[in-house]
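Here are a few friendly notes to read alongside the model.

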Amino acid sequence: MRIVFAGTPDFAVPCLRAAAARNEVVAVYTQPDRPAGRGRGLTPSPVKREAIARGIPVLQPENFKAQVSRDALKALEPDVLVVVAYGLILPQSVLDIPAHGCWNVHASLLPRWRGAAPIQRAIEAGDDASGVCLMQMERGLDTGPVLLSQTLPIGDADTGGQLHDRLAELGAQVLSDGLGLLRAGIVPVARTQPTEGVTYAHKLDKAEARLDWGGPAEALARKVRAFNPWPMAEAQLAGERVRIHGAVPLALAHDAAPGTVLAAGRDGIDVACGEGALRIRVLQREGGRAITAADYLNARRGLAPAP
């Protein structure tokens, strides 16, 4: 087969490895190099670095509006274009080029969590399972029929980063299964997505990572998990702004104002919420590194309330 791969971030790298396992990837598309780091130097995407290491030609058009960009893809004569977190919406003129169309690896159980941040939104919403769908792409946003899917449970302690890594590997397996069928001359049966249960995973915004202590502790704990490692939950703690890396909810009855420190010790710092309390276990001061609650209390010995 002649496979063209389009992807950009870390999530797409395992899928590129799966697609390239038999040296069938004839080209890789990825986003143009972007400024990154303290020096703001142009930095290649993780997918570009993987492609270069494998000796696969890399193309980085800004988009496919120009005919020359579409002609370049057509000249590759792809049997299938595999798209994984590429970062561009492909027009119909591109979707029509590969012999078997374009396949997308999406990190949710469609139609739940279409859109940009399905992994984090699943945790934030309290879903007990996520998964990966291999989807036949069409013009709508993640609306295409599903070819293959696999389910993955979400653990009570899973962070956005942990679930991301597990789904990335599962996505590579689902893609490998789909390509294996295609090699055998079997096109996976396309199942139209249900019209019920559609939800949208809107792009993450740093502003929404600011915790409001007036909310329920359960919801705040899910935010802490979902937004780790980015954008990372933050909150005011006894007059200081901190980032919260790890916390658990407590079903604790109290009449304290939200944001009040109820208790502080080696097990964590218990903060009053609108409902229950949040026990902070790992946190980060401005300009510092992530530390345990015990280490934080060593620096703020007066934080614990009087018995």
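**Notes on the pockets**

1. α7 (217–226) and β13 (240–250) each give at least two residues to the lining of the second largest pocket. Helices (H or I, at least four residues) and strands (E, at least two) are DSSP runs, numbered from the N terminus. The model is predicted: local features need pLDDT of at least 70, side-chain atom pairs count only at pLDDT 80 or more, and totals for chains, interfaces and linings use all residues. Residues are numbered from 1 along each chain as its sequence is written, and side-chain values use heavy atoms, without hydrogens and water.

2. That second largest pocket has a volume of about 360 Å³. A pocket here is an open set of points on a 1 Å grid over the protein atoms alone, where a 1.4 Å probe fits, with protein on both sides within 12 Å along at least five of seven lines; lining residues have an atom within 4 Å of a point. Volume is the space filled by probe spheres set on the points, which are joined across faces, edges and corners.

3. Its lining has 21 residues, with Gly155, Asp156, Ala157, Ala221 and Arg225 nearest the centre.

4. The largest pocket has a volume of about 1500 Å³. Of its 47 lining residues, Pro9, Ala85, Tyr86, Gly87 and Ala116 are the closest to its centre. Elements giving two or more residues to this lining are β6 (80–84), β7 (102–106), α5 (118–125) and α6 (160–183).

5. Overall, the protein has eight helices and 17 strands, and its C-alpha trace spans about 75 × 45 × 30 Å along the principal axes.
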